[in-house]
Amino acid sequence: MSDIRRDLTHTILAALVIGGLLIGALWIMRPFLPAILWATMITVATWPLLLGVQRMLWNRRWLAVVVLTLTMLMVFVVPFVLAIGAVVGNADQILDWSNTLGSFTLPMPPDWVRDLPLVGDRLAAAWRQIAQSGMEELATQLEPYTRDVLRWLATEAGSVGMVGVQILLSVLMAAILYAHGEGVKSFVRRLGRRLAGERGEAAVILAGQAIRAVAMGVVVTALVQAIVGGIGLAVARVPFAPVLTALMFLLAVTQIGAAPVLACAAAWLYWKGDAGWAIGMIVWTLLVGGLDNVLRPILIRQGADLPLLLIFAGVIGGLLAFGLVGLFIGPAVLAVGYTLLKDWVNEAGR
C-alpha cells in the first residue's frame, strides 16, 4: 500500500513539475506566439513552393530560403506599410469626402443596369432606393462609421511600427523553419505518434493539408481577385486604388468578396458622368466575382480532399474566434476533428 501511495505521489509531483514548466515556457514565449503561429502557417502553406525554388537553384536550400524570405518581405511588409500610410495620410481627405457625400445627387438607374444578368434587378432596386431617398441619408448613416474608423486608424498609427516588427519577426521565423523544415516536420510527426499512435501522426499530416488547402483555395483566390480588381480600379483611375485593393483582399479572405468595392466604384464612375467606364467596371465586377467560384474549389481540392463546406466554416469560424490567424487554425481544427470523428464512427460500424 505504501508503494502505491509513493508511486501516486511521485506521479502527481512529476505531472505538476512538467505542467509548471510548460506553463512557464508558454508565458515566456507569449510575446512571440503570434509570430510563431504565422511563421508556421506560412511555412506549411508554401513548403512545396520552397522545394520547387530549391530545385531551380541548383538544389541549394540556402538560396531558396533567401529568395522566399525576400519575396515575403515584398509581399507582406511593403504592401502593409503602403496601405497603412495611404489610409492615414489621406484620412482628412476621406473624411471631407464623406461629409460632402450628402450634396451629391444620384440619378435614377439606366435601363442597362436592370438588364444585367443575375444581379441586374437587385442592383437597380438598390440604386433606385438610394436615388429616391437621397445621398444625404446615406451620408448620415456612413458618417459615424467613417469617423470611428479614421479615429481608430489615427490611434493605431503609433503602433504600426510594432505591427511591422511582428511581421518582420514572422518572416525571420519562417526563414528558420524553411532552413530546418525536415527536422521540425519529423519532430512534430513523432510527437503526434507518441501522443496518439498512428492516428496522432495522421492528424498532424491532415492539419498540414488543411492549412495548405486554405492557403491555396482562400488566400490565393483572394489575392488574385484583389490584383485583378486593383488593375481595373487603376485603369479606370478610381481614387485610393491601393487602399481599395487592400480592402478587396480582406473582404475576399473573409468570404464577402471583392464585388461590393467594385460595384461602389462603378456607381461612383457613373455619378461622375463616365458611363462607359461604369459599364466596363460592372463587367469587371462580374468577372472578378466569377473568379471566386472557379478558382477556389479547384485550388482547395489540390490542397486536401476535404468538404468545401468544412473549409468555409473553418475559415469564418476561425476568423471570428482567433482573428486573422484563425483563417488557418479554424479549418485545420475542423478537418482533424471531422476526420477523427468519421474514423471512429466507421470503426464502430465494422
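Predicted model: local features only at pLDDT ≥ 70, side-chain atom pairs only at ≥ 80, totals over all residues.
## A walk through an all-helix chain

Residues are numbered from 1 along each chain as its sequence is written, and side-chain values use heavy atoms, with hydrogens and water left out.

Now step back to the whole chain. Its secondary structure comes to 14 helices and zero strands; here helices (H or I, at least four residues) and strands (E, at least two) are DSSP runs, numbered from the N terminus. Of the 350 residues, 33% are buried, where buried means under 20% relative accessible area, using a 1.4 Å probe and protein chains only. Take the contacts (heavy atoms within 4.5 Å) with a separation of 6 or more: 67% of them join residues 24 or more positions apart.

Back to α2. How far apart should its ends be? The expected span is 1.5 Å times one less than the number of residues, so the 24 residues of α2 should span 34 Å, and the end C-alpha atoms, 33 Å apart, agree with that. Look along α2 and you'll find a kink of about 55° at Thr46, shortly before the proline Pro48. That bend is the angle between axes fitted to the seven residues ending at a residue and the seven starting there. Buried residues of α2 include Ala35, Ala39, Trp47 and Leu50.

On a 1 Å grid over the protein atoms alone, a pocket is an open set of points where a 1.4 Å probe fits, with protein on both sides within 12 Å along at least five of seven lines; lining residues have an atom within 4 Å of a point. Of the 33 residues lining the second largest pocket, Thr40, Val44, Val184, Val188 and Val204 are the closest to its centre. Helices α2 (33-56), α9 (181-235) and α14 (326-348) each supply at least two residues of this lining, and α9 gives the largest share, 20 residues.

Finally, stay with α9 and find Thr221, which sits in that helix. Is Thr221 buried or exposed? Thr221 is buried, with a relative accessible area of 2%. Setting aside neighbours within four places in sequence, Thr221 is in contact with Met216, Leu291, Asp292, Leu295, Arg296 and Leu299.

Note on methods. Buried < 20%, exposed > 50% of the residue type's maximum accessible area, 1.4 Å probe, protein only.
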